[in-house]
Structure formats: C-alpha cells, structure tokens
Amino acid sequence: MSINTYKYLLSDLKNLKGVGSKTYSILKKKKISNIFDLLWRLPKSYTDRTKSTKICDLKIGDIQTITLVPYKYNFPRIRNLPNRIYCKDETGEMDCVFFNSYEGYIKKILPLNKEVTVSGKVGRFQNKYQIINPKYISENASLIKDKHKKYSLTDGISEKVYNRIINQILSNIPKLEEWHEENILKKFDNISWNNSIIELHKPENIGKYQSNFYQRLAYDEILASFMVHSEIRKKIKKIKKQKKVFNHIDQNSLFSKLDFDLTNDQKTSLIEINQDLKSNQKMFRLLQGDVGSGKTIVALTAAYNVIKSGFQVAVMAPTEILARQHFQLAKNIFDKKIRIEILSSKSEYKEKKRILKKLSNNEADIVFGTHAIFQKKVIFNNLGLIIIDEQHKFGVNQRKKLSDKGGDNCDVLLMTATPIPRTLTMTIYGDMDLSIIREKPKSRKEVKTYSKLENKISDVLRFIKKEINNQNQIFWVCPLIEESKKLDHSSAVEKYNYLKKKFPDQVALLHGKTGIEEKEKILNKFLNQKIKILVSTTIIEVGIDFPNANVIVIENANKFGLSQLHQLRGRVGRGQKQSTCILMFKSSLTENAKKRLNILKNSTDGFVISEEDMKLRGFGDILGFKQSGIKMFRLADPIHNNDLFELAEKEIKKMEKNEVDINKYKTLIKLYDQADVINDIV
Ligand code: ADP
Ligand code: MG
C-alpha cells in the first residue's frame, strides 16, 4: 500500500508499531479503530522537558530535566527498601530511586559512568535531591528534551506509549491531493491538509482555534457534512412520486372544529407542506417550532389531506403517551369515516394482528404509534405520508432509511421543538427542506420562572395548595437518578409518597415502568382533573398537552440543560391562565449556574435560549446530541465558526449548480463520510 494515499489514514490501528492487543481494544472501546479517527484526539497540555537544569539549581517539586552520570548502585535486597542509584554532574549529586524495579532493568537504562538524561519530579530525601521512579531516561538527550504531550485519552494507555503512537502517525501523514478551489484555499493561507494535521498536534499550538490550520480542518469537516446532506437531498428530489390530490374545503372543515384560528406561521407552514404533497417530488421536510407553537394541528391537517387523496398515513411519536394524545386529537377532529388506529408496543397480540391486517388491506387510513410502527412486519397498503414527531435525536442515517422505507410515493414530515441556530439546523437537518413556526398562539401568557432551594419546599407546598384551590393542576418532575439507567425513577417514587401525605387522593405517579393501561388511566384522570398533582420523571418532557396544568415544579433543576428545562416549562402555559415554573435546587448556585438560569428567566424564546446556552456550554451537550450518537463535528463549532458554515453553504450551492467539479472531493468524502452515507459519489 502506498503511504501517500488516504488509504493509510483509513487503515486499522492494529497495523501500527506499538499498538498491542490491549491498547487496540482500549482504543476500540472509545470508537477509535483507524488512524483517521485517532487524529482528532488532541493534546490537552504538555510537559516541557526541553530545558536541562544543573543539580545545584534544582527546585523541589518541579518537573526538571538533568543530564547526569550514574556512578554507584545500591541494591539493598530488603523488602520495601528501594534501589538507589547515585548520580552526579559537575555541580553536585543526586539519586535516582526505584521501587519495584529489577536490577537488570536498572543496569540497562542507567549504566555506570555513562552520561544519561533523566526527567521527572524532583524531591529531597536525607538532604539529597532525588527522582523517584523516573520514566523519562535516555542516553539520547533529544528523546527526553522535548515537549511531551498529554492526551485525555490515556486510561490504560501510558502517556509514553500514546505519544509514540501518535508521533509515528504524524511522521507518516500522507500528502493528499488538494480538494479545495484556489480561492477557498487562499482563505487559509494555502495550508495543505497534511500540514494542518501536523500543526494541529504541535504542543505549542494547543487552543489556537483561529489559526489557519485549525480553520481549514474545521472547514473540511463542515463541507464534507454539507456535501453528504446535499447528495441525499439530490437523490430524494430525483424521486418521482404520484401527486396527492385534495381540496381545501375538507381542510377547512377541520379548522371549524377548533376553538382557535391558526397563526400566520402555522398557515404558511401548511401551505409549504401542501405544495410539497401536491407536487410530483417526494417531500422531505422538517417542521421546526418551539414547544407549544402548535405543530400538531399542522401535521394532522397534512395527514388529513393525504388521507383524502386516497393514501395511508403513519404517525410516529417518541412515547406512547404522546402517540395516544395525537390519536385522540385525530379522533376528535377527523370526520367519522376516517379509520384511525393506534399501534402500541404493549397492545395484545390479537389486537396487534388485527391492526396489521387492516393496514395491509387498506382498511385503516392512519396509524399512530412509537417506533413500533416501522417494524418489518408492519406492511402498509398504500402509504402516502410518514409523520415523525419530536425526533430531534434521529440521525441522518435513520432519516434516510425511513424515507426509503416509505417507498417512492411516501412523503416525509419531521417535527421538532428544538429551536436551534440556523447553522446548527443546516448541520443536523441539511438534507431536509425547512418550515418554521416562530410565532406563538396569541392567547399565550408568559410562564413566570422562579428558583427555590430544596429546604424551602414548604413555600412551594403553600403555593401549590393555593393553585389547587383555584382549580389548577401541577406537574412535579423528578430527574432520573442515573442518566444511564433509563428506568431509575426512585426520586419520583419518593416524592410521590411524600406529596400523597400532604395532598391525599390528589396525587398520581407516572414513570417509565408504569404499565400502559395504568398510564392511560392516570393521564385521563389528570385530564379530567380528578387528580391535581402529577409526579413524573422526564417522560412528560416531549409533546404532551394538558391545557389546565399551569404549574410545573422541576426538582434538582441543575441536572437538566437549559433547552431541556425550556421544553419542560413548555408543558404549562398552554391555557388562558397565568402559569408558573419553579426550579428547585439542592444547594446554592454557582455563578455560571446563575447566569444560565437568568437566560431562562429572561427569555421564553427557545431560539434565544439554545443559542445562549451554547455560548456558555458548547453546542455538543446542548440537546443531548452527544449521547444520541448523532455525529457532531470534531473541530468545527456552529456558534464560533459561523463564517465557515456560510462559506460551505455557498460552495454547496455552486456544486449543486455544477459550477464546481465534485470529483475533486472524493478523498474528502471517503475520509469524512466513513458511515458511507453517500457511497456512490462519482
Ligand atoms: P407543539 O408545537 O409543542 O407540538 P401543540 O401542537 O401540542 O404544540 O399545541 C399546543 C397547544 O396549543 C395545544 O393545546 C393546541 O390545541 C394549542 N394551539 C395550537 N395552535 C393554536 C393557535 N393557533 N391558537 C391557540 N392555541 C393553539
Ligand atoms: Mg408536539
């Protein structure tokens, strides 16, 4: 294999010198399997061992480098007593001390009367300087007198081994043929990809985000990701579908059943969706709008139109509760001839079979459910639209699969309540067309947000008592104790038992393990105001709609990100009454936490909140994308590299107009799109 091709970068780490099976499996666990992946683990800091110090100038406690001559061994051969090697330079004497090292090894690395260079933390014992267990020893001073990089990824891999691996890679980095246009490359001082990588790993360049090499590499990955999106878009646009035919009289009859008028943004979004449905190109559209902006009615109207044009519709929600609520709304507003089903993962076998049969025989027009509705055994007769609610954690691969699954005639509409800056939308949903609902329904009152220390819970109880007396209802949210254990709801159970005593017969509990029938019973009770307080884990986070609930208490609020708190807060404030959100904390807040909280208190605009939160925390964490496995950027940052995103957007437009030869980017795509989303680019 020629070393000067990108293939070296995609080769398995096993082939590297110094990567044994232990190191290999540690890296593999971190999802690093080839050389390219390893390049993006950057040094966090470094230890400067470049300057040497004479023994007479040593300082206790510092890491120093000394060139010295060992002149005598002392191997006491008594347990617990270390081996001690007496050393000197022209200015004084010191010891190298070894616990648990074999004599043979010591004799090899510190032969008597030969000059060696040693580096380590200097201590003092019985009036003499010493270094305990020095790891940096060599007769070749230049190996020691260097800046030794520290990577954060070294659990189980020693710094020395890791440095050796990465330095080996850096010295073999292939010179790849340039893929950028001249005018683009000029913006980065013409620095090549391989030189950029080498600069990126130099210890003195840590944190130089504005440098030409960092910017170039950030731009590379943005462009690659946009190209992937663009290719998917192109492919989907090429699909010719049967046009949907419906008239607006039907649609308007739906609206007459609502007790509100659509906002302008709702109307505009619906027009955009309807246009897509009526065209002969497959729709692949995202409906983006803050919590409570009224996406459901827009989506259900679209569903209604598709059904009226003779096709089936599948609506997928992230939770059973939400699926059920959408199902109920459809039952209420669709005309009675429309055959509506709900497929629950917990419904009985017989019931499931009955629904599956109806779907395949075209005896059902619309089905609601969780991801269960996309299992293999679910076969539609004539699927014309897939609606997916609140799936911001769906990656581009999952979306593409879904779009394929529906078949050519099937349009796709995704909904998300995660208001994010435009650059991030382009990044995550660049493969889709976009409709945005910015405007909130006019009747909305702002939710008042307060914070409370947990030991002031009696104030909170007094407040909710008053609210209950005024016929209002309360959500009480407890975080999962451990994120990883999705079913760990002990704090919710505890709080339920506590509140039950204070408010007999008025409290119910909902969590991930509540059975489906039980859940439905509880939600109905809450909806009918038979219970006043609903204690739950975050399963109420997405989408559920209870207009009469106007207080939400969120415990241990610092366990949540701002956007998540904003989403939770969006569960209230849907009716006409004044609503309140009480954030509870275990202990006083740090300055940073206060800052973040103020953002939430001062704004109800999800776009503003997420943008500010990103500035404070970095974008990776913000919506739980990190855990979700959606591939985010390694270097680029949608907030700070706004200009690079815009540059990439312009380039993509040129590519789409065939003004730029896409063949040139083959290597870029091979390296950056290893998931092989677009495997057949030229
Ligand atoms: P989301 O965008 O978060 O999914 P929903 O579709 O659940 O929001 O709508 C939230 C609430 O607002 C529902 O009770 C719905 O009936 C109501 N709603 C939707 N559109 C309007 C509107 N134009 N005017 C008043 N209320 C509306
Ligand atoms: Mg919703």
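The legends below describe a predicted model.

**View 1. Val 367 in strand 12.** Strand 12 covers residues 366-369, and Val 367 belongs to it. The relative accessible area of Val 367 is 0%, so this residue counts as buried. Leaving aside residues up to four places away in sequence, Val 367 is in contact with Val 313, Ala 314, Val 315, Glu 341, Leu 343, Leu 359, Ile 373 and Phe 380. Between the C-alpha atoms of Val 367 and Asn 133 there are 68 Å in space, and the two residues are 234 residues apart in sequence.

**View 2. The surroundings of ligand 1.** Ligand 1 has 16 residues around it. Gly 292, Lys 295, Thr 296, Arg 444 and Asp 545 are the closest of them. By class, the shell consists of four nonpolar, six polar and six charged residues.

**View 3. Backbone contacts of ligand 1.** A nitrogen atom of ligand 1 lies 2.8 Å from a backbone N or O atom of Asp 261. A polar backbone atom of Gly 294 is 3.0 Å from an oxygen atom of the ligand. For Ser 293, a polar backbone atom and an oxygen atom of ligand 1 are 3.4 Å apart. On its own, ligand 1 has 570 Å² of accessible area, of which the protein covers 86%.

View 4. A disulfide is a covalent bond between the sulfur atoms of two cysteines. How many disulfides does the count give? The count comes to zero. Cys 96 takes part in none, and the nearest cysteine sulfur, belonging to Cys 87, is 4.1 Å away. A pair of cysteine sulfur atoms has to lie within 2.5 Å to count as a disulfide. Is Cys 96 buried or exposed? Cys 96 is buried, because its relative accessible area is 0%. Cys 410 also has a relative accessibility of 0% and therefore counts as buried.

**View 5. The whole protein, for orientation.** The protein contains 24 helices and 21 strands. Its C-alpha trace spans about 100 × 65 × 50 Å along the principal axes. Of its 682 residues, 54% count as buried. Among contacts between residues at least 6 apart in sequence, 74% join residues at least 24 apart.

Definitions and conventions. Residues are numbered from 1 along each chain as its sequence is written. Chains are lettered from A and ligands numbered from 1 in the order in which they are written. This is a predicted model: local features need pLDDT of at least 70, side-chain atom pairs count only at pLDDT 80 or more; totals for chains, interfaces and linings use all residues. Side-chain values use heavy atoms; hydrogens and water are left out. A residue is near a molecule or strand if one of its heavy atoms lies within 4 Å of it. A polar contact is a pair of N or O atoms within 3.5 Å; within protein, one must be able to donate a hydrogen and the other to accept it, and residues adjacent in sequence count only if both atoms are side-chain atoms. Accessible areas come from the Shrake-Rupley method with a 1.4 Å probe; for residues, only the protein chains shown count as cover. Ala, Val, Leu, Ile, Met, Phe, Trp, Tyr, Cys and Pro count as nonpolar, Asp, Glu, Lys and Arg as charged, and the others, Gly among them, as polar. Buried means under 20% relative accessible area, exposed over 50%, partly exposed in between (1.4 Å probe, protein chains only). Helices (H or I, at least four residues) and strands (E, at least two) are DSSP runs, numbered from the N terminus. Contact means heavy atoms within 4.5 Å.
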